[in-house]
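Work through the exercises below with the sequence and the coordinates at hand. Each task is followed by a stepwise solution.

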Amino acid sequence: MDWLFFGEISLAGLAMGGLYALIALGFVIIYKATRVINFAIGEIMMFAAYLFLAFAGGMELSAWIALPLAVIGGSLLGGVIEKTMIRPMLGESPISVVMVTIGIASILVGLVEFIWTANPQLLPSFLPREPVFIGPLYLAPKIAYGFLIGAALLIIYLLYFRFSRGGVALRATASDQAAAYSMGINVRRVFNMAWVFGSLAASLAGVLVAATGGLSPQFGIIGLSVLVVVIVGGLDSILGALIAGVFIGWLETVAGAYLGGEYRMPATFLVLAVILVIRPYGLFGTHEIERV
Amino acid sequence: MRIGDAKQSYEADEAIWTSGTQKLWFGLFLLILLLFPFLADSYLLYLGCLVGIAVISTTGLNILTGFTGLISLGQAGFMGVGAYTVAWLSLNTGLPFPVTLLLAGLMAAAVGILVGLPSLRVKGLYLAIATLAASVFLHFIFAEWESVTGGMGGLSLEPAHLFGWTFQSDFMMYFIIVPLAVLMVFAARNVFRTRIGRAFIAIRDRDISAEILGINLLRYKLMSFALSSFYAGVAGGLFAYFFRVVTPESFPLSMSIFYLAAVIVGGMGNLLGGILGAAFMTLVPEALKLLTAALTPFYPDAPVFMSPMLEIIFGALIVGFLIFEPHGLAEIWHRIRRFFRLWPFRN
C-alpha cells in the first residue's frame, strides 16, 4: 500500500469533509429550530454558486465582492423560502413539509436552468494557486483554501450560537418552543433567522465546492451526501454534524479513489444503513420519547 | 338532491357502491376505457398506457405512504426490481407475461420486505432516508451486476406474449395495462375493507395506539411494504414490456419523487386521489409539450425553455397543492360531486 497516496487522498477527503460539516451545520440549525428536514439545501447551495457566477463572471466584479454578495443572496433566498412556503406549513405532518422542500428544490433547479441554461459551467478561479504541502503531502490549493474559509465560518458559527443573544434564543427555541415563546423570545423571528443562517452556511459551502468541482443544475445532488452526514451524526446534533461531516467526506473520497467513482454513494449509504440499524437516531441525536 | 344516507348495517357502510347511480357511472367509465383504444390515435394510446402504469405504481405507494403513513423514496427502485425481473425472465426462460409479471411483483415484494425490516425501529423521516439508501443500493446493483442486469447498457427484451399472441403495439399493450390497473385498484379498494387494511390505517393514525390495540406492528408494516412494492414490481414489469428496454437510468430517484408527488397532488390516503394524481402528473408534461409546439412558430426559443419550465411547474404543483389544497385533487373532485348532489342548495 502506498501510504503517501493514501495520505494525500485522506487529506483531500478530510478537507472536503470540512465543507460537508459546514453544510450539515446549516442543515442542523434549520432542523433544530424549525423541525424541518430541508431537502432543498443542495439546491440553495447551487443557487448561491450561480449567483457568484453571475456576479464574478457576468458582471466581472472582484471575487472578494462577489463572494459575500452571493452568500447574502443565498441566505436571503433561505429567508424568503421560509416566509412564503415553510411558514404556511406550520403544524402539518412532516411528510408534507419534506415534500414542500422537495418541490422547492425542483423549482430552484428549473429557475437556474431557465436563467443560466443546463450546461455545466466553470467558476472564475479566485483562490490562490500555489500548491499547498502539509509535510510531504500535496493538497490541491482550491480544496485547501476552501477548507480554511469554511472552517473560519464554522468557528464563527459555533461561537455565535454559544455566546450571543441570538444563539441563546435559537437554542431555547430548539429545546422547548412553548417555554421560549412565553419567555418573550420571538419564535417566528428565530424560525426565519434559522433559515437565513442555515442557508448562509450552505451558500458559502456551495460557492467553495463549485469552485473546486464545477457547476451544473445537477449540483444539488450533493444534498444527498449531506443528508447522509446529518442522519449519521443525528439530525439535531451540531457535534454530530461536524464529526460525521468530516468522516463521510473522507470516506467518500477514499472510496472514490480506491474503488472507483461509482462506489462513492453506495459506500456512504452503507454506513448510513448500518448506523440506522444500530442507532436509529444517529450517533449523537436525541432519542425522542414518544407518548400517546 | 339526494337525501337519506343513513347506513343501518356494517355491510352497507363498507359497501363499495352506495347507490345505483354510482354503478351506472362506473359502468360508463369502464365502457369508455374499453372503447378508448379503438377511437384514440397512437399518441393518445401511448399516453393511456403510461397513465395505466403510473396508476398502478401510485396506488402501491398510496397504500404505503397514504394509508400506512410510511414514507418511501424507494418506489422507483422497486419498479426497477420488477422491470429487471421481467427482462431477465423473458430473455432467459421465455415464460408468458402473466407469469413474469406475477414473479416481478413477488420479487419486488421480497425486496420490499427486506427494505421494510428497519421500519419498526426507524420511523418517519429516518425511514424515508433508509428507503433512499435502498434505492441507491438497488441502482448500484442494476449498474454493476453485469451478468444479470447487463450493466449500464441494460437489457432489451422481446414483446410480451401469451398463447401465441405477441403484444407488440401500444394498442395491444393497452389491453394488458389498463385492465390490470383497474383490477389492482379494485384489489386495493378491497384490502381496505378487511382487517389488514384497517390495521394499516390504525398504524398511520398512531402506531403506538395501534400496537396497544393488538396490532402486530412489524407484521403489518412489512405487509404494507410487501403490498406496495408488489404493485411497484408489476408496474415496473409493465414498464419493461412497454418500452422493451431496461437500463439503470430508467428508474432514477426523481421517479420516486414523481410518484410521491402524484400521491400528494392526488390526495394522500385516497385511492381515487392516487388515480387522479397519477393521470394528472403524467399528463401535465405532455400538455406542456403541446403548448410548446403551439408556441414555437411565434417564439422560436420556446423548446429551450420547456425543460426548465417543466421543473418549475412540477415543483410549484407540489408546493401549491400542499399549501392550498392539502387533500389534493380528490378533494376537488368531492367538492364538484357535492355541488351536484346538493343542488339547488349550496354546501
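**Exercise 1: an annotated segment**

Over residues 171–192 of chain B the chain is 95% helix and 0% strand, with its end C-alpha atoms 33 Å apart. Helices (H or I, at least four residues) and strands (E, at least two) are DSSP runs, numbered from the N terminus. The model is predicted: local features need pLDDT of at least 70 and side-chain atom pairs pLDDT 80 or more, while totals for chains, interfaces and linings use all residues. Residues are numbered from 1 along each chain as written, and chains are lettered from A and ligands numbered from 1 in the order written.

Task: Find what UniProt lists for residues 171–192 of chain B, and state the helix content of residues 256–283 of chain B.

Solution. Step 1: the unreviewed UniProt entry lists 171–192 of chain B under "transmembrane region", and 256–283 is among the other ranges listed. Such annotations may be inferred rather than shown by experiment; positions follow the numbering used here, and feature names are shortened. Step 2: residues 256–283 of chain B are 86% helix and 0% strand, and their end C-alpha atoms are 17 Å apart.

**Exercise 2: the contact**

Solution. Step 1: chain B gives 36 residues and chain A 33, where contact means C-beta atoms, placed from the backbone, within 7 Å. Step 2: on the chain B side, α6 (124–144), α10 (207–212), α12 (253–266) and α14 (302–324) each supply two or more residues. Step 3: α14(B) has the largest share, 13 residues.

Methods
Contact = placed C-beta atoms within 7 Å.
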